[in-house]
Amino acid sequence: MPITEHPDGKAARREPNHYVTGPGGARDIDLRAFARDDMALHGRLLDCDGERLTFAPDLPANLDAADAIAERIKDTIDLWISARGIDAPPESRYEPAWQPPHHGGAPLELDGDRVRRVIWATGFVSDWSWVRLDAFDASGAPDHLRGITTVDGLSVLGLPWLHTWGSGRFAGIADDALHVADIAARVSAAAARSAPAC
C-alpha cells in the first residue's frame with residue numbers, strides 16, 4: 001500500500017515500526033508477557049541525575065497504544081483475507097497478559113546501580129538541522145513525494161513510509177532507490193536537451 005492510500009496519510013510516517021514476531025517466527029513479541037515473566041518495563045526516560053533515573057508515568061498509555069496498533073494491523077490483515085475469499089481462521093483478539101501497577105501519575109524513580117542491561121531503547125528522532133534548504137514541512141521532516149523533495153536535485157531514501165511500509169527497511173529500499181534514480185536520470189536528460197549549444 002502506498003502512503004497516498006494509507007488511511008492515516010502522511011501521519012503514518014510518525015508511527016513506530018511494527019515487529020510482531022520474534023526469531024524463528026510464529027510467536028508474538030509481547031511486552032506485557034515479558035513483564036509478567038519479570039522483565040522490568042518503564043515509561044519514557046525523563047532524566048538521569050547522577051545515579052538516579054526518572055521515568056514518565058506513561059507506561060500504561062504506551063502499552064495501550066501499542067496494543068491498539070497491533071489490533072489494527074491484524075484487522076487490516078483479516079480484511080485482506082476476507083476480500084480475497086481465503087479460508088483462514090480469524091485472529092483471536094488480544095488479552096493483556098499483564099497490567100502495570102498504578103502509581104498515581106507521578107514520575108517513577110529508579111536507582112541507576114540496579115540497571116544491569118538495557119533491553120529496549122527507542123525514541124530516537126531524525127535531525128535534519130544540518131540541511132539548510134527549504135525542503136521541510138512544519139514538523140521538520142522532508143517534504144517529498146516518494147523521495148523527491150521540493151528542492152531540485154535533493155532526494156531522500158530509507159525513511160519510514162517514504163512510499164510504502166517497506167521503504168524504511170532493507171527489503172523495500174531498493175524499489176525507492178530505483179524510482180529516485182529514474183527520476184534523476186530523466187531530469188538530467190531533460191536539462192541536457194534544453195541546455196544551449198556551445
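**Charges, rings and strands**

Guide: The charged end of Arg169 sits over the ring of Trp165, 3.7 Å from its centre. Such a placement requires NZ of Lys or CZ of Arg within 6 Å of the ring centre and within 35 degrees of the ring normal.

Visitor: What kind of model is this, and which pLDDT limits apply?
Guide: The model is predicted; local features need pLDDT of at least 70, side-chain atom pairs count only at pLDDT 80 or more, and totals for chains, interfaces and linings use all residues. Residues are numbered from 1 along each chain as its sequence is written, and side-chain values use heavy atoms, with hydrogens and water left out.

Visitor: How many aromatic pairs does a search of the whole structure find?
Guide: The search finds 1 aromatic pair. Trp128 and Phe136 form this pair, which is tilted, with 5.9 Å centre to centre and 45° between the planes. Rings of Phe, Tyr and Trp (its six-membered ring) pair if their centres lie within 6.5 Å; planes under 30 degrees apart count as stacked, over 60 as edge-to-face and the rest as tilted.

Visitor: Changing topic: how many salt bridges does the structure hold?
Guide: The structure holds 14 salt bridges. A salt bridge is a side-chain nitrogen of Lys or Arg within 4 Å of a carboxyl oxygen of Asp or Glu. One of them joins the side chains of Asp143 and Lys10 at 3.7 Å, N to O.

Visitor: Where do Asp143 and Lys10 lie?
Guide: Asp143 lies in the loop between E3 and E4, and Lys10 in the segment before helix H1 (31–36), so the pair ties together parts that are 133 residues apart in sequence. Helices (H or I, at least four residues) and strands (E, at least two) are DSSP runs, numbered from the N terminus. Asp143 is partly exposed at 28% relative accessibility, and Lys10 is partly exposed at 48%.

Visitor: What about Arg32 and Asp64?
Guide: Their side chains meet in a salt bridge of 2.8 Å, N to O. Arg32 lies in helix H1 and Asp64 in helix H2, so this pair ties together parts that are 32 residues apart in sequence. Arg32 counts as buried because its relative accessibility is 1%, whereas Asp64 is partly exposed at 44%.

Visitor: Which residue does Arg93 meet in a salt bridge?
Guide: The side chain of Arg93 meets that of Glu71, at 3.1 Å, N to O. Arg93 lies in the loop between H2 and E3 and Glu71 in helix H2, so the pair ties together parts that are 22 residues apart in sequence. Arg93 is partly exposed at 39% relative accessibility, and Glu71 is buried at 16%. Salt bridges that share partners join Glu71, Lys74, Asp75, Asp78 and Arg93 into one network.

Visitor: Where is Lys74 placed, and what is it in contact with?
Guide: Lys74 is in helix H2 (residues 59–83) and is buried, with a relative accessible area of 16%. Leaving aside neighbours within four places in sequence, Lys74 is in contact (heavy atoms within 4.5 Å) with Glu91, Ser92, Arg93 and Tyr94.

Visitor: On to the sheet: what is the order of its 3 strands?
Guide: The open sheet has the order E1-E2-E3, with antiparallel pairing. Its edge strands are E1 (45–49) and E3 (108–111), each of which pairs on one side only. Two strands pair if DSSP finds at least two bridges between them.

Visitor: How many bridges join E2 to E3?
Guide: There are 4 bridges between strand E2 (residues 52–55) and E3. Phe55 has Leu108 in E3 as its bridge partner.

Visitor: Lastly, what is the phi of Arg146 and of Trp161?
Guide: Phi of Arg146 is near 50°, a positive value in a residue other than glycine; Arg146 is found in the loop between strand E4 (144–145) and strand E5 (148–149). Phi of Trp161, also not a glycine, is positive and near 55°. Trp161 is found in the loop between E5 and helix H3 (170–194), and is buried, with a relative accessible area of 13%.

Note on methods: Buried means under 20% relative accessible area, exposed over 50%, partly exposed in between (1.4 Å probe, protein chains only).
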